[in-house]
Amino acid sequence: MKVLLLKDPKEGVLGPDPYVQEFASLGLQATLIPVLSFEFISLQDLSKKLSHPEVYGGLIFTSPRAVDAVMLCLGEKAISEEWNNNSLKERWNEKSIYVVGKSTANLVKEIGLATLGEDTGNAGKLAEYICNKESSNSLPLLFPCGTLKREILPKYLKENSVPLESITVYQTSQHPCFQKALNDYFSEQGIPESITFFSPSGVKFCLHTIKKLAGEYIDRIKFAAIGPTTADAMATEGLTVSCTPEKPTSQDLAASIRRVL
């Protein structure tokens, strides 16, 4: 059975992508097609903020791209030396570093920071977790985010008087190769048994194309969402969500889809 996963293949992996490997172990033929492209912005401002951990109570990361933005800042010689040699990293590690999801947490750990909240699963639950630990007297939490961020977390923190300082560090657009890759997939592989969306942005940028290519057969496709936020975005567009894994991992997603096929 053929399964289409609307996400980037994992970089730096030798051999099959972990998702492809996991699905194959359950007898499913998975294909990954990247949907989104990212452009990083305001990195100079982010670098300045990273150089002053004393101003903040901690950091919040809700996407791998936000961590990538920090990594780009750390690639600059001045802040890189300060990060590694002058205890800047240690000073941030004295703060609370909140994250959603294993993939984001693993990237944060790569830059030497310890994480909190990675098992919360989505921004809403992370916001609750943060509010149980922070107060209105806390220093503001620094929140690097994208132009299409949802307001669930900022709104919840504001309602609970937890100080937050957002900085937009990347903007999202449709991947330049997406249309061709999707056209090629449908013409060569046919209609997949299942399609998984990995973000509300992915729903926004490619659902119209999928509906056009699938035509009258779209109701035969079992649509999956990586998490509840994406599931909500799909439902808003009129899609029936057949499954959402308990955790946003390749193992849980593969098992969830296998159960509904």
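**Salt bridges, domains and backbone of a predicted model**

In this predicted model, the side chains of Lys180 and Asp184 meet in a salt bridge, with 2.7 Å from N to O; the term stands for a side-chain nitrogen of Lys or Arg within 4 Å of a carboxyl oxygen of Asp or Glu. Both residues belong to helix α9 (residues 178–189), where they are four residues apart, about one turn of the helix; helices (H or I, at least four residues) and strands (E, at least two) are DSSP runs, numbered from the N terminus. Lys180 is exposed, at a relative accessible area of 56%, whereas Asp184 is partly exposed at 27%, where buried means under 20% relative accessible area, exposed over 50%, and partly exposed in between (1.4 Å probe, protein chains only).

Because the model is predicted, local features need pLDDT of at least 70 and side-chain atom pairs count only at pLDDT 80 or more, while totals for chains, interfaces and linings use all residues. Residues are numbered from 1 along each chain as its sequence is written, and side-chain values use heavy atoms, with hydrogens and water left out.

By the salt-bridge rule the count comes to eight. Side chains of opposite charge can pair when their charged atoms come close. Glu54 is partly exposed at 42% relative accessibility, and Arg91 is partly exposed at 28%. In another salt bridge, the closest N and O atoms of Lys109 and Glu118 are 3.2 Å apart; here Lys109 is partly exposed, with a relative accessible area of 40%, but Glu118 is buried, at 14%. Lys109 and Glu118 also belong to a network of salt bridges that links them with Lys102 and Asp119.

The domain assignment, which is automatic or taken from a database, divides the chain into domain 1 (2–35 + 177–260) and domain 2 (39–172), and the centres of the two, taken over C-alpha atoms, are separated by 28 Å. Seven residues of domain 1 are in contact with six residues of domain 2, contact meaning heavy atoms within 4.5 Å. The area buried between them is about 650 Å², of which carbon and sulfur atoms give 64%; buried area is the accessible area (1.4 Å probe) that two parts lose on being put together, summed over both. Between domain 1 and domain 2 the count of salt bridges is zero. On the side of domain 1 that touches domain 2, α10 (200–214) and α11 (228–236) each supply at least two residues, and α10 gives the largest share, four residues.

Helix α11 has Thr229, Thr230, Ala231, Ala233 and Met234 as its buried residues, and what covers them includes α8 (152–159), β8 (194–197), α10, β9 (222–225) and β10 (241–243). After α11 comes Gly238, whose phi is positive, near 90°.

Most residues other than glycine have a negative phi. Ser42, however, has a positive phi near 55°; this residue lies in the loop between β3 (36–40) and α2 (43–50) and is partly exposed, with a relative accessible area of 34%. Ser161 likewise has a positive phi, near 60°, in the loop between α8 and β7 (164–174), and is partly exposed at 44%.
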